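You asked for a short note to accompany a first reading of this entry. The model and its sequence are shown here, with my points after them.

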Amino acid sequence: MLWIGTNGFGIFKVNLHGPTFKSYLPKTTQRKIVEDPKGNLITAHDIHVQYSSTRFDQIEPNRSFIHARDYPWQLSALFDPEGNCWVTDPGEPFLYRTDAQSNEKKAFPWTGIGLCYNQKGRLLSVSGEGLFEFDPTTEQSKFYPFKTPMQQRTEFSQFFWEDSEGMLWIFGFEGLIKAISNGTGYQFEYFVNNPQDRSTLSSNIVLSVADDPLEPTRYLWVGTKSGGLNRLDKQSGTLKQYKREHGLPDNVIYGVLAENPSTIGRSAGKHIWLSTNKGLCRFDVQTETTKNFTVADGLQDNEFNSSSYLKTRDGTMIFGGVKGLTVFHPDSLRFNTHIPQIRIVGLSVNNKDFDISGKSSITLSHNQNLLTFDFAALEFTNPAQNQYRYQLMDVDKDWVDLGARNSVQFANLAPGTYTFKVLGSNNDGVWSEQPAELRFTIRPPWWASWWAYLLYLAIAVTAARLYYRYRLQLRLEHQEALRLAELDDFKSRFFTNITHEFRTPLTVMLGMSEQLAKEEKDEPKRNKLGLIKRSGENLLRLVNQILDLAKLESNALKINYIQGDVLTFLKYIAESLHSLANAQNLLLRVESDQAKIVMDYDPERFLQIIHNLLSNAIKFTPSGGKVLLRADLKDKWLHITVTDSGAGIPAEELPNLFERFFQAKNQEHAKAGGTGIGLSLTHELVKAMGGEISVDSKVGVGSTFLVKLPVTNSSVFEEKLMPIDGVTRNLPVKRSLHSDGVTPSHPVTMQTVLLIEDNPDVVEYLNACLDGQFHLDFAYNGQAGIEKALENIPDLIVSDVMMPMKDGFEVVEALKNNALTSHIPIILLTAKADVQSRLAGLRKGADAYLSKPFHAEELLVTIENLLELRRKLQLKYQQYALSPTVPEGAETADMEDGFLQKVREVIEANYPKEDFGLPQLCQKIGMSRSQLFRKMKALTDMAPSDLIRSHRLNKAKVLLESGAANVAEAAWKVGFKDPSYFSKLYQEEFGVAPSYSNK
């Protein structure tokens with residue numbers, strides 16, 4: 001390579017080896033080329049001359065072609081082995097022959113295009129209808145039709161190829177046609193394109209055909225227009241396609257010529273040469289690789305013409321194009337053997353130049369991940385033909401070919417370390433031995449660094465643990481839900497079964513009580529029988545509720561609708577509960593804007609719903625409150641609201657209110673306990689009737705239950721008022737004890753028992769058990785019981801545990817910690833018979849604990865034992881109170897001891913004062929006369945005034961017996977003003993006169 005610098009004209013590059021290929025007849029477009037037996041060449045561009053060499057520099061007149069037109073582009077001509085020239089013209093129906101010896105011209109009738117002289121010495125031509133055969137010896141022609149007429153697909157074509165085995169191949173029509181001679185004619189086999197099958201012909205426009213240079217009997221090479229190159233396997237009939245993606249310069253293949261076997265040991269002999277409209281291609285049939293040449297290599301132009309290709313007898317190849325002929329012999333080609341060096345000449349990062357001068361490695365940040373490499377092979381013979389390939393280590397497994405492109409771009413590269421390698425070749429495909437390399441590292445962002453991943457791992461582990469615990473919790477909750485469901489189902493079945501068993505004895509009890517009540521004439525006994533009947537009916541109502549719940553669960557509960565006035569029925573239900581409301585000092589009222597509401601309803605189920613809601617409202621509403629039942633019609637719906645001014649329900653408990661066995665935490669405000677079944681049954685019944693139930697409640701204000709039922713009128717009209725069992729209409733009379741505390745109105749020998757119980761029926765039962773043996777006082781809640789106990793100081797208290805306002809435990813705690821009432825024995829009655837409940841009551845200070853139901857005799861025995869114990873304690877406290885001096889070792893073991901000691905101390909400090917009496921003692925102790933009287937009477941069975949008198953007399957006795965004073969002095973020192981009155985009292989107290997004690 002020589003570089004020449006000029007003055008003002010730039011630099012010139014001179015290739016001393018010259019171009020690889022030679023081109024002739026420039027500036028003329030070339031089509032068909034014919035060689036005669038002597039080696040002369042005739043071109044379709046000028047058929048009147050012939051060239052005696054492949055250098056096209058020796059011109060002679062051509063006398064072989066006759067009847068040639070001025071533009072004979074479609075003429076077909078050939079020479080037979082004897083040198084005779086045969087010519088066809090598609091525009092004329094003749095076959096022309098020029099005799100080689102006599103130069104005589106002769107014409108024969110002829111049809112068709114193209115011309116072929118086969119190995120049998122016959123001339124062939126073709127048309128869309130079939131194949132024409134002419135025998136030069138007999139000068140006779142024959143026609144062999146195709147199966148179906150064929151359409152000509154190209155204007156310029158050689159149309160025929162006879163392979164090494166004498167097989168005739170026809171092209172230029174639809175696909176490729178194989179003509180097989182069978183002795184009497186030809187059998188045709190067609191190869192056409194099937195777009196769904198890549199083993200078929202790639203295009204139906206075939207431009208050239210040639211035998212394989214190495215296996216001519218096996219393979220046939222087919223050049224197509226727009227379909228690239230095809231290799232036909234003659235044995236299997238399948239084709240393999242090669243296109244631009246396989247290295248071809250273009251998919252238009254004008255001519256295909258196969259090399260002759262090599263005679264000088266070069267690489268020739270295994271290639272086919274392809275002329276295209278983008279240069280010349282050498283295709284290696286063994287390795288299926290290509291080498292492409294362009295006008296820079298000496299070609300006439302990059303664009304060649306169809307039907308313009310010829311391989312001469314000596315193996316020289318001629319390809320015609322738009323600017324002349326390119327002529328070469330494969331054995332004579334010389335290629336560039338220089339091994340080029342390769343360099344990376346530039347790098348841009350994020351489309352900005354990056355300096356890599358003298359660097360073998362660089363480091364980039366995580367967002368510098370758009371890299372463009374520029375490189376060059378240091379070979380300038382024909383740099384446009386230099387080839388390149390690259391490999392990005394750990395990304396590309398193999399080398400990636402770039403062709404002549406000398407740059408490559410990588411986008412969105414992940415953080416990591418990479419090595420970029422590139423190889424380059426010269427214009428003849430000689431590759432560099434050592435690649436150019438650049439190592440680069442893209443640092444990860446902080447969130448992808450090793451410590452960040454460590455943090456992610458810790459978070460993932462924590463999340464996994466939390467998720468595991470969450471899933472475990474879900475599983476445990478699921479198992480617990482299943483367990484609770486099973487338990488709930490078990491309870492339902494258990495209560496259903498046991499309630500069935502309850503109904504039999506209840507039936508007998510109710511029937512017998514009703515029968516005895518009819519026969520009994522004594523009013524008190526009739527009342528007791530009525531109590532039995534009411535209690536039995538209440539129990540039967542609870543049993544029926546449990547059974548109804550079971551039926552609802554199994555969808556066995558039938559709703560029996562009738563049509564009637566529900567407003568009248570609502571008033572009837574409310575009227576049945578008026579006596580219960582009056583007993584609790586409550587106002588129960590029914591309101592509605594309608595005069596009557598006629599609709600379909602089930603009286604029995606309607607009664608259960610309204611009765612449950614009203615009884616709950618009454619139970620949770622304190623004395624002086626009100627309960628309002630309202631019914632309205634709104635858009636074909638009956639709205640029933642039950643509003644109370646009771647304790648209210650906490651908001652967090654409202655979602656669970658209608659669950660079975662659920663009881664709100666406001667039970668301490670209830671006047672009676674519950675089962676947790678009523679609201680659940682109400683909810684299920686409302687749903688079964690196609691309605692809805694909801695509740696709105698505020699703690700301390702009250703609750704409102706809303707029932708919405710659809711209004712229909714399709715049933716038979718019937719006015720029906722059902723009997724309401726279990727509703728307490730005639731409550732027992734509440735009796736109270738009225739006493740002034742000093743002179744009780746009842747006999748002194750009859751002791752007072754305070755009954756604290758909220759259930760009127762239980763009160764009546766207790767009254768029946770104790771009446772006539774004790775004076776009874778009553779309180780209907782815990783707060784009232786405490787107040788009555790402090791006011792009246794009873795001898796014994798019997799209290800229920802579950803009560804409104806204050807429960808039994810609170811009653812015990814309040815009374816046992818008050819000096820006025822700490823001495824009073826307290827018996828607790830409750831349905832809670834478990835050990836924990838008993839222990840809780842005893843720890844609070846209860847003296848006895850009886851479980852419901854209890855026998856009357858058990859209650860009486862317990863009361864008698866406690867009172868007897870109290871009488872024994874009275875003797876002890878009496879001795880303590882009357883002792884003139886405090887006994888040695890006396891301790892205030894309990895509140896009673898402390899109280900008596902305080903009384904003693906007050907009397908001890910004030911007995912000498914003649915004006916010290918009961919009023920002064922009450923003032924210093926801090927009690928009223930009645931309270932102090934009852935307290936002292938309960939502890940010592942002595943009145944406070946008697947205790948003061950006895951204390952003075954005992955002090956006087958000590959003075960007289962010791963001789964420390966005479967009778968008058970002793971009387972004066974212990975607070976008596978009148979010695980004679982003192983003597984009288986002394987005689988009554990000790991049975992002797994004071995003068996006798998003085999001796």
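This is a predicted model: local features need pLDDT of at least 70, side-chain atom pairs count only at pLDDT 80 or more; totals for chains, interfaces and linings use all residues.

1. By residue class, the lining of the second largest pocket is made up of 24 nonpolar, nine polar and 10 charged residues.

2. Helix H13. In this helix, which spans residues 918–925, the buried residues are Leu918, Leu921, Cys922 and Ile925. They lie on the same side of H13, because the arc that they cover around the axis is only 100 degrees. The exposed residues Pro919 and Gln923 are carried by the face of H13 that is turned away from this buried side. Just after H13 comes glycine 926, which takes a positive phi of about 90 degrees.

3. Glutamine 391. This residue belongs to strand E35 (residues 388–392), and with a relative accessible area of 9% it is buried. Its side chain reaches the backbone oxygen of lysine 397 at 3.2 Å. When residues up to four places away in sequence are not counted, glutamine 391 touches Asp396, Lys397, Asp398, Trp399, Thr419, Phe420 and Lys421.

4. Asparagine 792. Helix H8 (residues 782–792) contains asparagine 792, which is buried, its relative accessible area being 8%. Which side chain does asparagine 792 join in a polar contact of 3.3 Å? The partner is the side chain of aspartate 777.

5. Asparagine 251. The loop between strand E23 (239–242) and E24 holds this residue, and asparagine 251 counts as buried because its relative accessibility is 18%, where the cut-off for buried is under 20%. Although asparagine 251 and glycine 228 are 23 residues apart in sequence, their C-alpha atoms are 3.9 Å apart in space. Glycine 228 is also one of the residues that asparagine 251 touches, the others being Thr224, Lys225, Ser226, Gly227, Lys243 and Arg244, with residues up to four places away in sequence not counted. For arginine 244, the backbone nitrogen lies 3.0 Å from a polar atom of the side chain of asparagine 251.

Note on methods:
Residues are numbered from 1 along each chain as its sequence is written. Side-chain values use heavy atoms; hydrogens and water are left out. Ala, Val, Leu, Ile, Met, Phe, Trp, Tyr, Cys and Pro count as nonpolar, Asp, Glu, Lys and Arg as charged, and the others, Gly among them, as polar. Buried means under 20% relative accessible area, exposed over 50%, partly exposed in between (1.4 Å probe, protein chains only). Helices (H or I, at least four residues) and strands (E, at least two) are DSSP runs, numbered from the N terminus. The arc is that of the directions from the helix axis to the C-beta atoms. A polar contact is a pair of N or O atoms within 3.5 Å; within protein, one must be able to donate a hydrogen and the other to accept it, and residues adjacent in sequence count only if both atoms are side-chain atoms. Contact means heavy atoms within 4.5 Å.
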